[in-house]
Structure formats: structure tokens, C-alpha cells
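This briefing goes from the whole chain to single residues. Please keep the sequence and the structure at hand while reading.

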Amino acid sequence: MKMYGNWRSAAAFRVRIALNLKGIAYEEIFLDLDAGDQFKPDFLAINPQGAVPALFDGEGAPLTQSLAILDYLEETHPEVPLLPAGPRARARARSLAQVVACDTHPLYVPRVRNFLMENYGLPRERMLEFLRNAFTTGLRILEKRLSTEAGTGRFCEGDAVSHADLCLISLWVGTGIFGIDTGPYPTVKRIADAMLALDAVARAHPLRQPGAPAP
């Protein structure tokens with residue numbers, strides 16, 4: 001497999017973890033998003049959205065959108081499973097994943113931040129307020145659900161890693177980058193700590209990828 005990604009992409013981070021957990025060999029080609037590599041004609045021919053990740057598996061068009069890629073990997077490489085067996089548990093894991101990938105992450109991506117500043121004259125500090133609100137809203141929802149719903153175990157859904165945990169950790173890592181107060185979210189932190197202790201997650205961590213700033 002071959003994937004186009006970027007060190008700081010939360011979506012690419014999710015897919016990288018899944019590939020590592022399933023033991024799938026892959027090559028990652030890193031785009032410089034700050035330099036606008038994602039908008040160059042060669043990459044737009046791969047993904048007209050100009051976004052990463054884009055995953056190639058053999059012949060055919062690339063796969064895009066992290067949740068769709070995660071489902072594809074689950075169906076084509078069922079070991080190690082990253083969704084629970086029961087339909088209700090699978091639905092809950094997907095629901096928690098979508099809190100991050102569908103309702104939270106899209107609000108703080110660079111194209112949204114840049115649009116607000118360039119087209120509405122939003123000062124950087126006000127833009128950061130908008131960004132932090134997106135983070136804290138997502139974290140607050142996760143904390144409420146994970147701390148009160150019966151399905152929560154060591155991880156978001158029971159005691160095995162699922163798509164929900166891949167999304168949770170992709171959000172959690174961003175809290176350090178953007179200076180989000182994580183004190184009010186102890187359940188999210190507990191699960192994030194369990195994820196960060198896994199070798200597959202450590203190897204996929206944004207700060208361990210080419211192009212990341214030196215520690």
C-alpha cells in the first residue's frame with residue numbers, strides 16, 4: 001500500500017495507526033501542506049479535494065476520507081479487528097468516531113482557519129478562540145458519553161481498540177499543539193494514555209514523522 005499524508009494530519013494519523021495495528025506494510029509519501037503541495041495539479045489529479053490521506057491499494061483509484069479508509073481496511077484485513085463484533089457496539093464505536101472526524105476535526109483544519117482570517121479579516125487570536133471552542137466542544141461531548149455510557153471500558157468501546165479510539169487520540173494529540181486545557185476530561189485522558197502506550201500508536205505519532213518539528 002502507498003499513502004499520501006502529512007506529519008500533522010489528524011486524519012492520516014488515524015489511518016497510520018490502523019495500518020500499524022493490522023500489521024500492513026505501507027509506504028507514506030509526505031506532502032508539505034504549508035508549501036501547498038496538496039493543491040498542485042499532480043496531487044489534485046489523485047484527490048480533487050486537495051486533502052490527505054489518499055491511500056492506494058493495488059490497481060484502481062485512491063481511497064480518500066479517513067473513516068472510509070478505516071472501513072476498507074477492516075473489510076479487507078479483518079485481523080486485527082478494529083470494530084467490535086456486535087451491531088450495537090459497532091454503531092456506538094462509529095458514533096464516537098464521528099464525533100471527532102465529522103463534527104470536530106473539520107472545524108479546525110487549515111483551510112477553515114485560513115478562510116476565516118483571509119476572507120473575514122478575523123485576527124489570529126480570534127481564530128484561535130474559534131479553534132479552541134471546536135476542540136473543547138468535541139472533548140466535552142466525548143467526556144460526557146465515555147464517562148456515563150455502559151459501553152466504555154479500557155478503551156472507548158470495551159477493552160479493545162476501535163475506530164473510536166483512533167479518532168479520540170487524533171484529537172487528543174492536537175490539544176498539546178493548540179494549548180487546550182485537558183483537565184476537565186479525565187476519561188478521555190485515561191483512554192488517550194492507554195492509546196499512547198501502544199507501540200503501533202507511538203510509531204504513528206505525528207511528531208515521529210518526517211517533516212515534524214524537532215522535539
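How many helices and strands does the secondary structure of the protein chain come to? It comes to 9 helices and 4 strands, where helices (H or I, at least four residues) and strands (E, at least two) are DSSP runs numbered from the N terminus. This is a predicted model, in which local features need pLDDT of at least 70 and side-chain atom pairs count only at pLDDT 80 or more, whereas totals for chains, interfaces and linings use all residues. Residues are numbered from 1 along each chain as its sequence is written, and side-chain values use heavy atoms, with hydrogens and water left out.

**Overall fold and surface**

- Read along the sequence, the elements of the protein chain follow the pattern β-α-β-α-β-β-α-α-α-α-α-α-α.
- The protein chain has a radius of gyration of 17 Å, which agrees with the value near 17 Å for a compact globule of 215 residues; the radius is taken over C-alpha atoms, and the globule rule is 2.2 Å times the number of residues to the power 0.38.
- Along its principal axes, the C-alpha trace of the protein chain spans about 45 × 45 × 30 Å.
- Of the 215 residues, 47% count as buried, a term that means under 20% relative accessible area, with exposed being over 50% and partly exposed in between (1.4 Å probe, protein chains only).
- Among contacts between residues at least 6 apart in sequence, 68% join residues at least 24 apart, a contact being heavy atoms within 4.5 Å.
- The protein chain exposes about 10,600 Å², of which carbon and sulfur atoms supply 54%; such areas come from the Shrake-Rupley method with a 1.4 Å probe, and for residues only the protein chains shown count as cover.
- The mean positions of the 23 positive and 24 negative charges are 5 Å apart, with Lys and Arg counted as positive, Asp and Glu as negative, and His and the chain ends not counted; each charge is placed at NZ of Lys, CZ of Arg, CG of Asp or CD of Glu.

- E74 is placed in helix α3 and counts as buried because its relative accessible area is 10%.
- A polar atom of the E74 side chain lies 2.9 Å from the backbone nitrogen of L82.
- Not counting residues up to four places away in sequence, E74 touches K22, V80, P81, L82, L83 and H163.
- V80, found in the loop between α3 and α4, is joined to E79 by a cis peptide bond with omega near -5°.
- L83 is found in the loop between α3 (66–76) and α4 (87–101) and is counted as buried because its relative accessibility is 6%.
- Leaving aside neighbours within four places in sequence, L83 is in contact with D71, E74, R90, A93, R94 and H163.

- N47 has its place in the loop between α2 (41–44) and β3 (54–56), and its relative accessible area of 5% is why N47 counts as buried.
- A polar atom of the N47 side chain lies 2.7 Å from the backbone oxygen of A51.
- P53 is placed in the loop between α2 and β3, and a cis peptide bond with omega of about 10° joins V52 and P53.
- Q65, in the loop between β4 (63–64) and α3, has a positive phi of about 70° although Q65 is not a glycine.
- With a relative accessible area of 46%, Q65 is partly exposed.

- H105 lies in the loop between α4 and α5 (110–120) and is buried, with a relative accessible area of 13%.
- The side chain of H105 makes a polar contact with the side chain of R14 at 2.9 Å; a polar contact is a pair of N or O atoms within 3.5 Å, where within protein one must be able to donate a hydrogen and the other to accept it, and residues adjacent in sequence count only if both atoms are side-chain atoms.
- Leaving aside neighbours within four places in sequence, H105 is in contact with A10, A11, R14 and V100.
- P206 lies in the segment after α9 (199–204) and is buried, with a relative accessible area of 5%.
- Beyond its neighbours within four places in sequence, P206 is in contact with W7, R8, F13, R16, V173 and A212.
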